[in-house]
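Here are a few notes to keep beside you as you look through this structure for the first time. Take them in order, and turn the view as you go.

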Amino acid sequence: MTGAQQDNYPFAADDLETAYLGIGVSRNLSVLDKNIATALLILSERRGSASGSACKLAEGFGITEERVYASLRRLEARGLIKVIYEPDIAALIAQGDDFRANRERLGDDEES
Amino acid sequence: MTKKADLPSALDIAVARRALGLCTGISGGALNVGFALLEHFNRKTGQCDPSVVRLATILGLSEITIKRATKELCDVHKLFQKSSHGGFSNRASYRPNWGRMRSMIVDWDKRMVTGSPPENDEAKVSEMTPSTDQKRYLQGIKNDPLTYWNKPIGINLNTDGACGDTGFPHADGGETSPTSEPVESTKGLGKEPRGEPVAQPPKVVDGKNMRIAKEAAGRRWNSAMLRRGSGTYSRFVVWVTDTHSDAATAAEMRRRGDGERYLVEQMLRDGVVMRDA
């Protein structure tokens, strides 16, 4: 972090501007990758990260989610972004509950 | 020089960077040049006149790419306004279109909320080169075509007794004309006389696929005969009749290559060509 960081914001304004400039003048990125990287930075300005943004980006640019994911993978491979996968505990619990419910139902059938 | 009231704030430049980064349908070179132009913009004086050579050196692009990119930025995407010779040392001066960039960001924010796709999809479609070929009136509505596309090249299949009247050159330079028709009535291979309409052979209404197959078979045996040399082919076009053509086409349709075999056998039988020793 080089610039003066504002209160409650994770990035300094100067750093952000330089980051946008870096995305724009990069010779190694395609236009789509630059679009995605810029949009991701915009979405991350407030919290420092963006979650569940692939769908939003796909709709915003009018492209498929597959293209967004491919672009995110390319950006991650270049070390420009970090893609973090977090467990969705509710979905996992639901799977376990489903299994138990099925087991109980089968048990009842066998008993009857 | 730009007036003080027209000078942008730091926020305008920040918005411009985001708008450039979100711009879709723009070329990579134009995006690089756009960012470089913004970086050269002097917020105090409004001066923005980097030379083409300077931009090319900084970005590692060729000068023609820089010119093409500035043209795209100014004419296609309207992100900058160019004033030729408007800068220092008669350099071109550029002025970012702050209003358009702001509207792009507003549009983006709106799309993020509503989840709607971008309204303008023009940039995703490549501009097609306009066709330069001539129009063909194949329906016979206005003018009948002078060339009949659906028959083998070099073979006149008319039933008016003009079989073999193809204008194929003889060795002495004259045109082959076995009938008593005047020479000027045929102008080149496969063409019909301009003046009077030519009677078409009676058409048997087959399925579309059958017609296509017949045409393909006719083209195949005709090409095969052409490959036998100009001397053989000139004797062939004089000799061939509708009966031979139809039989050859039928044989060709039965088995590939049989059309040519049939014609060669018939020509040998009639003494048109001699078998090689």
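1. Start at B:Ala19. Setting aside neighbours within four places in sequence, this residue is in contact with B:Met101, B:Met104 and B:Ile105. Please keep in mind throughout that the model is predicted.

2. B:Ala19 also belongs to the largest nonpolar core, which has 38 residues. Along with A:Ile36, A:Ala37, B:Leu20, B:Cys23, B:Val33 and B:Leu37, B:Ala19 is among the members that touch the most others. Two or more residues each come from helix H1 (13-25), helix H2 (31-44), helix H3 (53-61) and helix H4 (65-77) of chain A, and from H1, H2, helix H4 (63-76) and H5 of chain B. Which element gives the largest share of this core? That is H2(B), with seven residues.

3. Now look at where the chains meet. On chain B, 23 residues are in contact with 19 residues of chain A. Helix H1 (10-22), helix H2 (28-40) and helix H5 (98-114) of chain B each supply at least two residues of the side that touches chain A. That side of chain B is made up of 12 nonpolar, six polar and five charged residues.

4. The axes of H1(A) and H2(B) come within 8 Å, crossing at roughly 145°. From H1(A), A:Leu21, A:Gly24 and A:Val25 meet B:Leu31, B:Asn32, B:Phe35, B:Ala36 and B:Glu39 of H2(B). Sorted by class, this contact has five nonpolar, two polar and one charged residues.

5. A word on chain A by itself: its secondary structure consists of five helices and zero strands. Of its 112 residues, 18% count as buried. Where contacts in chain A link residues at least 6 apart in sequence, 33% of them join residues at least 24 apart.

6. Finally, visit helix H6 (residues 208-226) of chain B. Its 19 residues, at 1.5 Å a residue, should span 27 Å, and this agrees with the 27 Å between its end C-alpha atoms. The buried residues are B:Ala217, B:Gly218, B:Trp221, B:Asn222 and B:Met225, and they pack against helix H7 (230-239), helix H8 (242-254) and helix H9 (258-270) of chain B. On the face turned away from the buried side of H6(B) you will find the exposed residues B:Lys208, B:Asn209, B:Ile212 and B:Ala216.

Notes. Residues numbered from 1 in each chain as written. Chains lettered and ligands numbered in written order. Predicted model: local features only at pLDDT ≥ 70, side-chain atom pairs only at ≥ 80, totals over all residues. Contact = placed C-beta atoms within 7 Å. Helix = DSSP H or I, 4+ residues; strand = E, 2+ residues; numbered from the N terminus. Nonpolar A, V, L, I, M, F, W, Y, C, P; charged D, E, K, R; others polar. Buried ≥ 20, exposed ≤ 12 C-beta atoms within 10 Å, placed from the backbone. Core = buried A, V, L, I, M, F, W, Y, C linked by C-beta atoms within 7 Å. Axes fitted to C-alpha atoms, helices over the stretch in contact; angles between N-to-C directions. Expected span 1.5 Å × (residues − 1).
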